[in-house]
Amino acid sequence: MAAAQGQFSEHSGHSEAGGGGAAGSGREESAPSAPPAFRRAVDGLTSVRMRPEIELDTAPAPKRLAPYTYALEAAVVAEDEDLADGRLVLLHDPSGHEAWQGDFRLVTLVRAELEPEMAADPLLPEVCWTWLTGALEARGLPYDEASGTVTRAGSFYFGGLADRRPATQIEIRASWTPREGRGGVPDTAAHLAAWCDLLCQVAGLPPAVPAQPDGPGAAGVVSLPQRRGPRRP
């Protein structure tokens with residue numbers, strides 16, 4: 001299993017530090033002016049170890065969303081098939097941000113192609129939103145100001161592509177404010193783990209640890225049917 005790797009950038013123009021799993025050379029000790037709270041939050045992200053189906057890699061950190069940012073991207077791969085992919089960005093503004101109601105913000109994009117029986121469900125967008133909130137609540141993570149969109153897009157093929165079956169992709173774009181703990185730093189490691197739970201759920205993988213009916217994994221999360229094999233072209 002690979003530890004999380006990524007890149008962070010500073011708005012002030014200092015050098016970026018980054019690394020990658022198979023492709024990176026390790027996280028460099030640069031950007032010394034980054035606030036200690038932000039550096040500890042990044043350290044939490046880089047310490048998490050994932051399920052073997054999750055592949056993490058470096059992602060360019062956006063520079064215009066906050067003074068300090070850190071980005072990860074991931075894909076869920078099983079039997080050489082990409083089942084879902086996503087991006088997670090940590091934002092930090094030491095001065096605080098009125099819309100965030102805090103100093104930190106997590107922003108995500110998660111995408112997956114759906115099985116036909118799920119794509120036809122009229123309640124799918126609402127269910128997908130509960131996958132995100134349920135993943136956070138299942139790990140007991142306090143958060144504020146969650147917002148986002150769930151988009152369902154269909155593709156139909158004609159002419160020379162008419163032999164392909166229709167395809168539907170779900171896309172979750174969301175952000176939330178992780179509550180800060182000791183030293184003003186949120187538990188970013190736990191939030192990353194919850195995000196990976198979301199990725200695996202969207203991909204249709206069974207939980208790594210089955211939830212008990214009234215236990216920590218039972219936070220009202222509805223799973224996709226497990227995929228039965230590679231998707232046909």
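Contact here means heavy atoms within 4.5 Å. This is a predicted model, in which local features need pLDDT of at least 70, side-chain atom pairs count only at pLDDT 80 or more, and totals for chains, interfaces and linings use all residues. Residues are numbered from 1 along each chain as its sequence is written, and side-chain values use heavy atoms, with hydrogens and water left out.

**Overall layout**

The protein chain has four helices and eight strands. Helices (H or I, at least four residues) and strands (E, at least two) are DSSP runs, numbered from the N terminus. Read from that end, the order of elements is β-β-α-β-β-β-β-α-α-β-β-α.

The chain has 233 residues, and 45% of them count as buried. Buried means under 20% relative accessible area, exposed means over 50%, and partly exposed is in between (1.4 Å probe, protein chains only).

I54 sits in strand 3 (residues 54–58). I54 is buried, at 4% relative accessibility. Leaving aside residues up to four places away in sequence, I54 touches A74, A75, V76, C196 and C200. The step from I54 to C196 covers 142 residues in sequence, yet their C-alpha atoms are 7.8 Å apart.

Both of these cysteines are buried: C196 has a relative accessibility of 4%, and C200 has a relative accessible area of 4%. Do they form a bond or stay apart? The sulfur of C196 has its closest cysteine sulfur in C200, 6.8 Å away, which is too far for a bond. From the side of C200, the closest cysteine sulfur is that of C196. A disulfide is a pair of cysteine sulfur atoms within 2.5 Å. The disulfide count is zero.

**Aromatic rings**

There is one aromatic pair. F38 and Y68 form it, with 5.6 Å centre to centre and 40° between the planes, a tilted arrangement. F38 belongs to helix 1 (residues 36–46) and Y68 to strand 4 (residues 68–78), so the pair ties together parts that are 30 residues apart in sequence. For such pairs, rings of Phe, Tyr and Trp (its six-membered ring) must have centres within 6.5 Å; planes under 30 degrees apart count as stacked, over 60 as edge-to-face and the rest as tilted. F38 is buried at 0% relative accessible area. Y68 is buried too, at 13%.

R164 lies over the face of Y157, 5.6 Å from the ring centre. The rule asks for NZ of Lys or CZ of Arg within 6 Å of the ring centre and within 35 degrees of the ring normal.

**Salt bridges**

The structure holds five salt bridges. Each is a side-chain nitrogen of Lys or Arg within 4 Å of a carboxyl oxygen of Asp or Glu. The table includes three of them.

| E53 | R51 | 3.2 Å |

Which parts does the bridge between D197 and R139 tie together? D197 lies in helix 4 (residues 188–203) and R139 in the loop between helix 3 (124–138) and strand 7, so the pair links parts that are 58 residues apart in sequence. D197 is partly exposed at 29% relative accessibility. R139 is partly exposed as well, at 43%.

E171 is buried at 18% relative accessibility, whereas R173 is partly exposed at 43%.

**Backbone with positive phi**

Where is E79 found? E79 is in the loop between strand 4 and strand 5 (81–97). Its phi is positive, about 55°, although E79 is not a glycine. E79 is exposed, at 72% relative accessibility.

E145 lies in strand 7 (residues 143–155). E145 also has a positive phi, about 50°, without being a glycine. At 42% relative accessibility, E145 is partly exposed.
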